[in-house]
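Thanks, everyone, for making the time this morning.

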Amino acid sequence: MNVFLKIEGLTVEYRSGNRHVHAVNDLDLQLGEGEVLGFVGETGAGKTTTALSILRILPNPPAKVLGGKVIFKDQDIIQLSDREMRAIRGEEIAMIFQDPMTSLDPVKTVGDQICEMILLHRNCSKKEAWEMAGDMLETVGIDRGRAGDYPHQFSGGMKQRVVIAIALSCKPSLLIADEPTTALDVTIQAQILELMKELKKKYQSSMIMITHDLGIVAEICDNVAIMYAGGVLEYGSVMDIYKDPRHPYTRALFDSIPDVHRDQARLKVISGLPPDPTDIPSGCPFHPRCPHCTERCKTEKPEVVHLNETHWARCFLAQEEGRYEHE
Amino acid sequence: MNQKKEKRYSLTRETFTRLMKNRLAMFGLFILCVLVITAIFADQIAPYSYDQMDLLNAYKAPCKGHIFGTDEFGRDIFSRVVYGSRISLKVGFIAVSIAVVAGGLLGAVAGYYGGWTDNLIMRAMDVIMSIPATLLAISIAAALGAGLTNLMIATGIASIPTYARIVRASVLGIKEQEFVEAARAVGTRDFTILCKHILPNCLAPIIVQATLGVAFAILTAAGLSFIGLGIEPPTPEWGAMLSNARSYIRDYSYMCLFPGLAIALTIFSLNVLGDGLRDALDPKLRQ
Amino acid sequence: MSEPLLEVRHLKKYFTTKKGLLHAVDDVSFSIEEGKTLGLVGESGCGKSTTGRVILRLHEATGGEVLYRGRNILELSPREMREMRRKMQIVFQDPYSSLNPRMSVKSLIEESLLQRSRGMSSAEREQKVLAIMDLVGLERRLAYAFPHELDGGRRQRIGIARALILEPEFVVLDEPVSALDVCIQAQILNLLMDLQKELKLTYLFISHNLSVVKHISDEIAVMYLGKLVEKADHETIFKDPKHPYTKALLSAIPIPDPTLHPERIILEGDVASPINPSPGCRFRTRCRHAMPVCGEAAPELMQNGKSIVACHLCNPQSVETARVGGQE
C-alpha cells in the first residue's frame, strides 16, 4: 500500500488564558491508499483534534499547531497557504461530522447543499451539478426525487446519508468520519455502516473512522490506532489489536465493554480517570492507571516497540508476549 | 483538585470575591456609591437650595459660582442635579423592584405551570404591552393622581410585561432540564423547585434587563413629570430637568448636558455592575 | 418465587400533539421482583424513558396501574406520593443537565433530605451526605465543588448518591451510562451492581445499549413504538430471540471481534411515527415476515417457551390463519 497520509510529531495545543491544554502530543501515524484507519479512545484523547488538524479547520485561536508535519500526497498541509488548503478541503479530504441534525443547513434543500459542494470544486453548470447531486443521493440510497426536500423532512439516519452524500460528492481521496453513527439508533447505525462498507468498496477512498465503539472498528477498519492523552499508544491491523493487544490500555479498553456473547459477573475496570490534558503525566501518560507500572514508566517515555510489520506499541512491556494471560 | 477546595466556601462570599476581581464592575459600584452618598447628603453637598431663584443670574453658563450654570429661573443646576439624585434614584430603583418582583413572579408561574395559567397571565401581559408604556403610565398616574408614590407604581406597572416575558422564556427553557425533573423525583415541592432551582438559573437575563430598566424608569418618570403627572415643580428630578431644558438646547446646551450626564452615569454604572454580577453569579465561570 | 415489588399493568401514556395523539406508551405490562433488575431496551422514541417516568409519576399516566407492593401508586394523593418517592428514585441519563449548576455537590445530594427529614440537624445531614459519598466512591473533598468542575463519571456518581440518600427500594436507571466513556461506564456499572447487592435494591434499567443491559439485568424487556414486544430472562433473549425486531436489534450490535462476521439483519426504513398509529402490529412496516394478519390485529403478549412475545409468528393460531388465507 502506498502511504499517502503521514503525520509526524504533530503537536496541538488549546490555549485559554494561561491554561494550556495539550490536545495532541507528538503524534505519529500513517495511512495507506484505500485503507480504513480507526481512531479509538476516550473523550479528550485527541481523536477529533487530530482529524481537524488534517483538514486544518481547527478553531484558531484557541487551538494552535505547535509542531509536526501532516504530509498528504507529498506536501505538508501545515505549510500550505489558506487558498491551497481550500482547494484540498472537500475535493481531496472530506469530513462527516457526528451529529447529522446540526451539520446540515436547515434553510437549504439537500440537493442545493450537495450542489454547493460540487460547484465549489468542479467546473460545471448548475444543471449538471444538480444531476450529479441526484446521482449522489441514489448512491447513498435516497430517491433522487427527494433532492428538493429540506433537511427537517428527513429522519436522523437519512440525514446522515445526506451528509455522506455531500462528503463524497467530489470523490475525495480521504474521508474522515467523526463518530458518524453515535447519534443514531442501533438498527439505523447498522444501515449506515452497511452503506459505508459498500461505499468503501465502490470508491476505494481511504478513510479515517473516529469512534469509541470497538465493535464498529472491528467491522469496518483495516488498521486501528489506540489513542490516549493526545498520542497513539498502540497501532496495528485489526487482527493484531483485537487478538493480540500488547498495551495495557488497549487491554483495559477491551475489558471494560460488556460482551454480549459471554457472561461476566463483573467488568474488569481500570481505576482512575484519563489524565488532565493541562497536566499530562511524565513518562508513559498511562502510568498512573497502569496495573503493570514500573519506576521506569514514570520517568521515561516508552519508545515505539515494533512487534511485526504493522503492529507497534509504546510500552516497555510490549515484547513480553502472553504476559497477561498468566495472571 | 487542589487543596483550597477543601475549604468551606459559601456561594455568596465566593460571588463577592469574584465580583471584586472584576475592575469594571467595581468601578460601576464605586460610581453608584458616590451617587447614593450624594443623594443622602444632598443638603450638605448642594451650595444652594434647589428652588432658590435668581432671575438676574438666569441662563448662566458654568462659572465659578455655579459650576453647572443656572437655568431659566436662575436656579443653580448643580444643586438641582444633586437634589434630583434623591428622586431619580428612588424612582428608578423602586419602580424596577416593583416590576421585577411582580413580573418575575408572574412570568415564573406562567412558565412553570403552563396551560391555561400561562395563557391567562401572558394574554394579560399582552394587553398591557399593546398599550405604549408611556401611555399606560400616563393613564395609571392619571387614575391614581400625581405624586411620587403613584409615579413609581405607574412606571413599575408599565414595565411588568417585559420582565414577565423574559422570566417566562428562561423558565420554559430551564424547567425542561433534567435537574428540575430530578428535584421533582425526590419529592421537592413546586414552590421550592421554582425558588431554588429555576429562578436562580434565570438570574442573568433579569439582572441585565433590570439595569437597563432603571434607565427606562427614570426616563418614563421624567416624561410623566413633564406632562404634570409626576413630580410637581419645583422639586428637581433629572428627567424633568432634561425635558424642561429641551427647549433651550440650541442656546444653552449645558442645561441639558448635566442632568443628561447624571442619567447616563447612573445607567453606565448599573450596566457594568449588572454585567459583573451576572458573571460573578455564574458558578461555571469560577476559576 | 418472591412477590413482585413492582407490577405495571396496561400502562398507557398518550401525549397530545398538534398532529394527533402520540402513543408514547401503549398498554405495557411487566413486573419486577424484589432485588432483581429488569432491563428495558429499545430505540429512541420507543417510550422506554417515558415508561420509567410514568412509573415514578413524573408524568401522569393516561391509563393503567402501577402496583408497588400491591398498592396502586397512580391513585395516591400528592402528599402520599411525596412519601412514596422516598422508596422510588431515579438516576438520569445526562450527568450534565440533571445537576443544577448552581448547587454544590453537598447541597445537591442533601436536597432530598431537606425535603423529608425536617428534624435532622445540619451536622447529622452532613454525616449522612458524607457517608453516601463514600458509598458511591466520591471523594469527600469534593463536597463543596460544583458539578461543572467534575468529570462525567463523578457527576453520575452524584446522581446516584442523590437517588440513594433516602434509602429507596426501587430505582429507575434511565440510561445512566450512555453519556460516559467505556472505561468510566464500566466503573459505574460495577458500582451499580455492588450497590444493588449491598442495599438490596430493585432496578429498572433503561438503555438502548444491549450489551450493557445484558450485563446488568436479570430479565430484559424489548420495546418498540410504545409496545412491549418481547420479554425474557437475559440468557434466553440473547440465545433464542423470538420477535423479528429483537432478532434484528441483536444482530445490529457491532461485535468487537474481527473474526466473527455473523449474518446481519438490516431493517429497512425508519421507525414509523407513534402519532395515531394504525391498528395491527407496529413493527410490520419494517418486518420481513409481515403477514396480512399483522395489519389487522395487534398481536397479544403470549408465553412462548421461556419468553413472552407479542408476534403473530409465534402464535400458532395466527400462523395457521395466515396459511389458510394464503391458500385461498
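How many helices and how many strands does chain B have? Before I answer, please keep in mind that what you see is a predicted model. Chain B has 13 helices and 0 strands, and read from the N terminus onwards its elements are accordingly written as α-α-α-α-α-α-α-α-α-α-α-α-α. The C-alpha trace of chain B spans about 75 × 50 × 30 Å along its principal axes, and 44% of its 287 residues count as buried. If we take the contacts in chain B with a separation of 6 or more, 69% of them are between residues 24 or more positions apart.

Let me take one residue of chain B as an example, namely W238(B), which is found in helix 12, residues 238–245. Is W238(B) buried or exposed? With 28 other C-beta atoms within 10 Å, where 20 or more are needed, W238(B) is buried. Leaving out residues up to four places away in sequence, W238(B) touches G84(B), S88(B), I218(B), A222(B), P259(B), A262(B) and I263(B).

In soluble globular proteins, nonpolar side chains tend to be buried together. Here the largest nonpolar core has 264 residues, and the members that touch the most other members are V217(A), I226(A) and A161(C). Helix 4 of chain B, residues 77–113, gives the most to this core, with 16 residues. If we look at I226(A) and set aside its neighbours within four places in sequence, its contacts are V40(A), G41(A), V232(A), L233(A), E234(A), I241(A), H247(A), Y249(A) and T250(A).

That brings me to the contacts between chains, and I will begin with chains B and C, where 22 residues of chain B are in contact with 24 residues of chain C. On the side of chain B that touches chain C, the largest share comes from helix 9 of chain B, residues 178–185, with 7 residues. By class, this side of chain B has 9 nonpolar, 5 polar and 8 charged residues.

The contact between chains C and A takes 32 residues from chain C and 35 residues from chain A. On the side of chain C, helix 6, helix 7 (210–216) and helix 9 (244–252) each supply at least two residues, and helix 6 of chain C gives the most, with 7 residues. The residues on this side of chain C divide into 17 nonpolar, 8 polar and 7 charged.

The crossing of helix 9 of chain A past helix 6 of chain C is left-handed. The residues that meet are A252(A), L253(A) and S256(A) from helix 9 of chain A, and V182(C), C183(C), Q185(C) and A186(C) from helix 6 of chain C. By class, this helix contact has 5 nonpolar, 2 polar and no charged residues.

I will stop there and take your questions.

Note on methods:
Residues are numbered from 1 along each chain as its sequence is written. Chains are lettered from A and ligands numbered from 1 in the order in which they are written. This is a predicted model: local features need pLDDT of at least 70, side-chain atom pairs count only at pLDDT 80 or more; totals for chains, interfaces and linings use all residues. A nonpolar core is a set of buried Ala, Val, Leu, Ile, Met, Phe, Trp, Tyr and Cys residues joined through C-beta atoms within 7 Å. A residue is buried if 20 or more other C-beta atoms lie within 10 Å of its own, exposed if 12 or fewer, and partly exposed in between; C-beta atoms are placed from the backbone. Helices (H or I, at least four residues) and strands (E, at least two) are DSSP runs, numbered from the N terminus. Two residues are in contact if their C-beta atoms, placed from the backbone, lie within 7 Å. Ala, Val, Leu, Ile, Met, Phe, Trp, Tyr, Cys and Pro count as nonpolar, Asp, Glu, Lys and Arg as charged, and the others, Gly among them, as polar. A crossing is left-handed if the near helix is turned anticlockwise from the far one by less than a right angle, and right-handed if clockwise.
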